[in-house]
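Colleague: I'd like to learn how to read a model like this one. Can we go through it feature by feature?

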Amino acid sequence: MAMELDVFVGNTTIMDEEVYQLWLDGYTVNDAVKVRMEGGVLEECEASADVLLSDTMDQYRTFQMCERLLHSPAKLANQLLFQIPPHRQAVLIERYYTFDDAFVREVLGKKLSKGTKKDLDDISAKTAVTLKSCRRQFDNFKRVFKVVEELKGPLVENIRQHFLLSDKLARDYAAIVFFANNRFETGKRKLQYITFQDFAFCAGQLINNWTVGAVDNMVEDMDVDLDKEFLQELKELKVLITDKDLLDQHKSLVCTALRGKTKAFNEMEANFKNLSRGLVNIAAKLTNTKDVRDFFIDLVEKFIEPCRSDRWTAADMRLYLTHYTNSAHILDTFK
């Protein structure tokens with residue numbers, strides 16, 4: 001049976017965002033066609049299954065040809081092969097570098113090497129993210145890490161400029177780079193309740209306050225490496241728990257400030273010394289690489305879990321730490 005088609009020729013590259021997402025998610029052409037058919041595209045466009053298959057294959061070919069440009073997003077704006085409007089370029093780049101939280105949570109803090117890449121089969125099965133998508137996301141993490149590794153200047157800004165990402169996505173990639181560089185342990189069972197966005201927030205705080213860049217904003221690895229001099233200085237906090245008079249004085253100041261402000265006051269007062277020892281000992285050991293890696297597991301085991309068992313709320317935690325810090329500043333030793 002003969003079929004008539006209306007054909008037009010233009011120089012603007014046509015890209016269907018739904019098909020692009022299916023390609024990014026690792027669907028095969030045939031699976032993508034099924035999804036499109038189930039979405040009612042045949043009725044909507046009054047097309048046959050053969051035309052839909054041909055269109056999907058054509059779109060996939062275009063995306064595969066664009067992929068090498070997406071590895072260096074700045075090239076996408078300067079090439080002449082594909083006539084893609086700037087706003088569409090931004091969408092292509094942002095979507096290409098977007099990742100699944102379930103996937104990044106599995107690789108966060110691990111070395112971005114061939115060894116980790118070999119585990120992608122298992123990660124794909126565990127997270128229900130297709131293997132092809134896992135590989136794309138992992139390669140994106142590795143690519144960003146390599147590009148910004150030796151650059152001077154702020155990490156987030158470097159990522160944003162070199163990969164043309166939104167501020168939010170650039171900050172998320174900065175967290176991934178920071179965790180990969182410092183190899184923080186995030187995979188232990190006790191840490192499973194902590195989401196990627198929780199860790200990304202922590203990374204932002206550590207980058208802004210604990211890295212070399214917090215002191216000097218134009219050095220290599222400024223937002224990636226923890227400031228060794230600062231970590232060495234944290235050892236001086238030991239006096240808060242080794243000097244009995246200072247420990248008692250600190251407890252008195254904190255408890256006076258907390259009294260009447262929280263239902264958990266009795267527990268805070270009773271456990272003050274144990275909690276203070278936990279925090280200070282964690283801080284004092286951060287000059288050792290292994291203790292840096294175990295930073296989050298130590299915080300959970302030695303501080304968060306005891307507070308949780310005493311039924312502290314998040315507000316209680318903020319209140320306690322605020323007065324813990326402020327009271328230490330009042331002590332003669334730290335003035």
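Predicted model: local features only at pLDDT ≥ 70, side-chain atom pairs only at ≥ 80, totals over all residues.

Colleague: Which residue forms a salt bridge with Asp167?

Modeller: A salt bridge is a side-chain nitrogen of Lys or Arg within 4 Å of a carboxyl oxygen of Asp or Glu. For Asp167 the partner is Arg171, and their closest N and O atoms are 2.9 Å apart. The two sit four residues apart in helix H12 (residues 167-182), so about one helical turn separates them.

Colleague: How many salt bridges does the structure hold?

Modeller: It holds 18. Another one pairs Lys285 with Asp291, with 3.7 Å between the closest N and O atoms. There, Lys285 is partly exposed at 29%, while Asp291 is buried at 14%. Then there's Asp294 with Lys290, at 2.6 Å: Asp294 is buried at 14%, and Lys290 is exposed at 57%.

Colleague: Now helices. How far does H19 reach from its first C-alpha to its last?

Modeller: You'd expect a span of 1.5 Å times one less than the number of residues. H19 (residues 295-309) has 15 residues and reaches 20 Å, close to the expected 21 Å.

Colleague: Where does H19 bend?

Modeller: A bend at a residue is the angle between axes fitted to the seven residues ending there and the seven starting there. H19 bends by about 35 degrees at Glu301. Just after the helix, Arg311 takes a positive phi of about 65 degrees.

Colleague: Which elements do the buried residues of H19 pack against?

Modeller: Contact means heavy atoms within 4.5 Å. The buried residues of H19, including Phe295, Val300 and Phe303, pack against H12, helix H13 (196-210), helix H17 (265-284), helix H18 (289-293) and helix H20 (314-330).

Colleague: And empty space? Which residues lie nearest the centre of the largest pocket?

Modeller: Rolling a probe the size of a water molecule over the atoms shows where empty space is left. On a 1 Å grid over the protein atoms alone, a pocket is an open set of points where a 1.4 Å probe fits, with protein on both sides within 12 Å along at least five of seven lines; lining residues have an atom within 4 Å of a point. Points are joined across faces, edges and corners, and the volume is the space filled by probe spheres set on them. The largest pocket holds about 1,700 Å³. Its lining has 37 residues, with Leu279, Phe295, Leu299, Phe303 and Leu321 nearest the centre. H13, H17, H19 and H20 are the elements that give two or more residues to that lining.

Definitions and conventions:
Residues numbered from 1 in each chain as written. Heavy atoms only, no water. Buried < 20%, exposed > 50% of the residue type's maximum accessible area, 1.4 Å probe, protein only.
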